[in-house]
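Me: Can you walk me through how the helices pack here, and what lines the pocket?

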Amino acid sequence: DRHGYRGALRWNLGFTVLATAPAALLCALFSPQLLSLFGSSFASAWPVLVVLAASAIPTVLNTQLGAAVLSNNGAWSRTLADAVLAVSFLATASYCVPRYQATGLAATLFISYSLACLVLWFRLNTLHSQQEAARA
């Protein structure tokens with residue numbers, strides 16, 4: 001049942017974001033205090049933790065969307081998304097890390113996983129459209 005599958009997928013993605021976002025938000029809000037627990041030399045790195053906390057959402061969405069693409073016979077699409085992740089990581093890191101050091105690396109993670117999620121989301125939608133057209 002395609003309609004039931006889409007509903008379950010939406011629920012799963014929504015639950016994933018709802019389960020991740022509050023923890024990420026708390027981590028970001030209290031990042032100065034959290035990093036201070038490791039000593040004063042870590043306290044100034046709180047922006048890195050803010051970006052890493054934000055990265056949690058595209059990271060978990062990548063897992064969920066990737067599983068959905070795989071369950072729709074999209075192994076090559078998943079491979080493509082992983083290639084986009086790798087290439088965008090290298091390209092973004094080569095720009096961001098020299099300029100912004102650890103914060104640049106954290107931003108690289110966020111950007112790369114977000115791009116991979118966009119590829120997976122687009123492919124999942126085209127797979128569903130193709131399957132619906134084949135049934136018609």
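**Helix packing and the pocket**

Reply: Y5, L9, N12, L13, T16, V17, T20, A21, A24, C27 and A28 in α1 meet L49, V50, A53, A56, I57, V60, L61, Q64, L65, A68 and S71 in α4 (contact means heavy atoms within 4.5 Å). This is a predicted model, with local features needing pLDDT of at least 70, side-chain atom pairs counting only at pLDDT 80 or more, and totals for chains, interfaces and linings using all residues. Residues are numbered from 1 along each chain as its sequence is written, and side-chain values use heavy atoms, with hydrogens and water left out.

Me: Are α1 and α4 roughly parallel or antiparallel to each other?

Reply: Helix α1 (residues 2-29) and helix α4 (residues 46-71) pack at about 165°, axes 9 Å apart. Angles under 35 degrees count as roughly parallel, over 145 as roughly antiparallel, 65 to 115 as roughly perpendicular and the rest as oblique. So α1 and α4 come out roughly antiparallel.

Me: And what about α4 and α5, roughly parallel or antiparallel?

Reply: α4 and helix α5 (residues 75-135) pack at an angle of about 20°, with their axes 8 Å apart. That makes the pair roughly parallel.

Me: Which element gives the most to the lining of the largest pocket?

Reply: The lining includes L9 and L13, L61 and L65, plus W121 and H128. The elements giving two or more residues to that lining are α1, α4 and α5. With six residues, the top contributor is α5.

Definitions and conventions
Axes are lines fitted to C-alpha atoms, for helices over the stretch in contact, and angles run from 0 to 180 degrees between N-to-C directions. Helices (H or I, at least four residues) and strands (E, at least two) are DSSP runs, numbered from the N terminus. On a 1 Å grid over the protein atoms alone, a cavity is a set of points where a 1.4 Å probe fits but cannot get out, and a pocket is an open set with protein on both sides within 12 Å along at least five of seven lines; lining residues have an atom within 4 Å of a point.
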